[in-house]
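Subject: Structure handover

Hello,

Here is the structure we talked about handing over. Please open it alongside this email.

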Amino acid sequence: MKENRVSRRRWSGKTTVTILVLIALLLIVVRNVEYANHGAKSTSSPGISPSNSSHGLLLRVSDGASHSVTTPVEGTNLDYSGLAEPYGDTSVMNAVNSLALGTIRYPGGTIANYWSWQTGTVNQPPSTTKTRFGTTKTQPSRHQTYGFTLSTLKQLTSATGAVPIFDLNVMTSTLQDQIQMLQSAVKLGLPVRYVELGNEFYLSNSNYLNAFPTATSYADLVASWAPAIRAEFPNVQIAAVASIAVATPREQSWNSTLLRIAGNDINAVTLHDYPGVSTSENTPHSPETLLAGASIEWQPVRTIINSFPPRLSVWLTEYNLGPGARSKGSPALGTTWEHALYIAGLEMQMLASTRVTITDYWDLFGNTEDAQFAETLPITTTPTGSASQLINQAIKGANEITVLNITNDPPLDGSVKSVSGIKVTTASGLEKLIFANLGSSSVTLAGGNLVPAGASAEQLSGSLSIQALNVQSIHISNHLDLPPNSVTVVTV
């Protein structure tokens with residue numbers, strides 16, 4: 001009996017050792033799995049279920065489709081405020097330089113249709129415009145010297161490295177005069193690479209209707225001017241005005257008429273995107289509804305873009321949140337971080353497009369409701385300006401953009417993804433990742449080859465109502481946290 005008890009005790013000791021070894025092996029396996037989840041490059045899989053980390057909802061990130069970048073993107077429109085900003089002022093030039101601009105649209109917007117380039121003067125008669133809501137908007141005359149000429153443009157492009165987009169006055173000037181302007185630009189050392197034939201003639205503006213009664217009359221001008229300009233500047237890219245809006249018969253027939261008559265004479269079309277949110281005009285938007293609109297309102301624009309022949313590029317030479325959306329309490333009363341987040345979300349859609357090759361924000365200097373810099377001295381950067389600085393600096397010099405696949409992403413307003421991301425690659429092989437988290441929850445990106453440990457990042461985040469932000473520098477350990485309502489750029 002004694003021997004049997006000893007034997008049983010020895011057997012129990014062996015069992016204990018075996019169990020301990022198995023537990024240790026199990027812990028090693030668990031740690032390896034956890035490391036793989038946080039440290040290896042993730043691949044997108046619809047079968048992965050969401051999991052919560054101690055930081056936030058864990059998202060998987062992987063490379064998606066890529067497309068080459070052949071033109072400078074992320075530009076802006078020039079002085080529309082009428083203040084004739086002193087571009088010789090150091091603070092003004094530092095602000096413009098901080099945007100890392102790809103292009104500068106000159107002179108920009110409606111003023112291009114009444115522009116005298118020799119003096120930088122606008123001579124705009126009064127006009128009326130029928131809006132899509134059936135009302136009539138009256139615009140007073142404007143006779144003003146803005147103070148920026150080709151010499152000022154040369155000063156700006158030399159300082160910033162941006163390429164000008166010449167928006168020609170095809171309405172109140174002549175072909176000969178505009179060719180002379182481009183020739184004068186070349187003499188100053190300005191490259192004539194991008195030319196735009198006027199601004200927004202699809203609108204039912206009385207001045208536009210007098211100059212171009214129909215879409216055919218504008219298309220005929222394009223078919224005449226484009227070959228003449230190309231004869232003087234063989235390498236120029238020429239874009240004609242196209243329309244996103246389809247509310248009026250004029251707008252509905254505009255694009256098809258342009259393509260039928262002058263489609264073979266141009267290299268690109270220009271579109272202007274001022275999205276709102278599809279709710280009652282008198283209903284303030286919830287933050288999630290507004291921010292979800294950056295994706296939702298892009299879908300019909302993408303449909304229009306895809307309707308153009310593949311050989312034509314698309315230039316978004318103006319974009320911003322529509323005035324109607326800015327006036328509904330969210331994000332009204334000046335530019336806020338909510339406004340900037342919407343613009344960041346919209347830019348992520350544009351940058352992911354294989355058809356959009358040039359983008360120009362509206363506008364550089366102006367009131368705080370829509371500009372990148374407030375029209376004051378010393379210069380004040382708006383939240384939208386801060387977002388532009390961060391994104392533009394990441395995009396500068398890009399030759400390839402890769403859309404990132406993000407799984408486990410929480411829905412925004414119950415309908416669209418809250419997080420979007422792209423990878424930017426330069427000719428030298430430098431890679432940067434841009435993420436926009438428009439949602440109200442923090443999320444965590446699993447680290448790995450795509451988001452490697454040791455990488456640095458810059459981040460903008462804060463309350464939606466905030467009107468000034470500072471960039472925060474962070475260091476990535478084995479994961480990357482994206483705070484709610486944030487824009488992040490990772491340098492790999």
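Predicted model: local features only at pLDDT ≥ 70, side-chain atom pairs only at ≥ 80, totals over all residues.

Helix H6

H6 covers residues 215-232, 18 residues in total. Its first and last C-alpha atoms are 26 Å apart, close to the 26 Å expected at 1.5 Å a residue. The buried residues of H6 are Ala215, Tyr218, Ala219, Leu221, Val222, Trp225, Ala226 and Ile229. They pack against two helices, H4 (175-187) and H7 (249-262). They also pack against strands S11 (194-197) and S12 (237-241).

Helix H7

H7 has 14 residues, which should span 20 Å at 1.5 Å a residue. The end C-alpha atoms of H7 are 20 Å apart, so the two values agree. Where does H7 bend? The bend is at Asn255, by about 35°. Asn255 is also one of the buried residues of H7.

Helices H8 and H9

H8 runs over residues 287-296 and H9 over residues 298-307. Their axes come within 6 Å and cross at roughly 15°. An angle under 35 degrees counts as roughly parallel, so H8 and H9 are roughly parallel to each other. From H8, the contact uses Gly293, Ala294, Ser295 and Ile296. From H9, it uses Trp298, Gln299 and Pro300. By class, this contact has four nonpolar residues, three polar and no charged ones.

Ile104

Ile104 sits in strand S4 (residues 103-106). Its relative accessible area is 1%, so Ile104 is buried. Which residues does Ile104 touch, not counting those up to four places away in sequence? They are Thr76, Leu78, Leu153, Leu156, Thr160, Ala162, Val163, Pro164, Ile165 and Asp360. Have a look at Thr317 as well: Ile104 and Thr317 are 213 residues apart in sequence, and 9.6 Å apart in space, C-alpha to C-alpha.

Asn199

Asn199 is in the loop between S11 and H5. Its relative accessibility is 0%, so Asn199 counts as buried.

Best wishes

Notes: Residues numbered from 1 in each chain as written. Heavy atoms only, no water. Helix = DSSP H or I, 4+ residues; strand = E, 2+ residues; numbered from the N terminus. Expected span 1.5 Å × (residues − 1). Buried < 20%, exposed > 50% of the residue type's maximum accessible area, 1.4 Å probe, protein only. Contact = heavy atoms within 4.5 Å. Axes fitted to C-alpha atoms, helices over the stretch in contact; angles between N-to-C directions. Parallel < 35°, antiparallel > 145°, perpendicular 65-115°, else oblique. Nonpolar A, V, L, I, M, F, W, Y, C, P; charged D, E, K, R; others polar. Bend = angle between axes of the 7 residues up to and from the residue.
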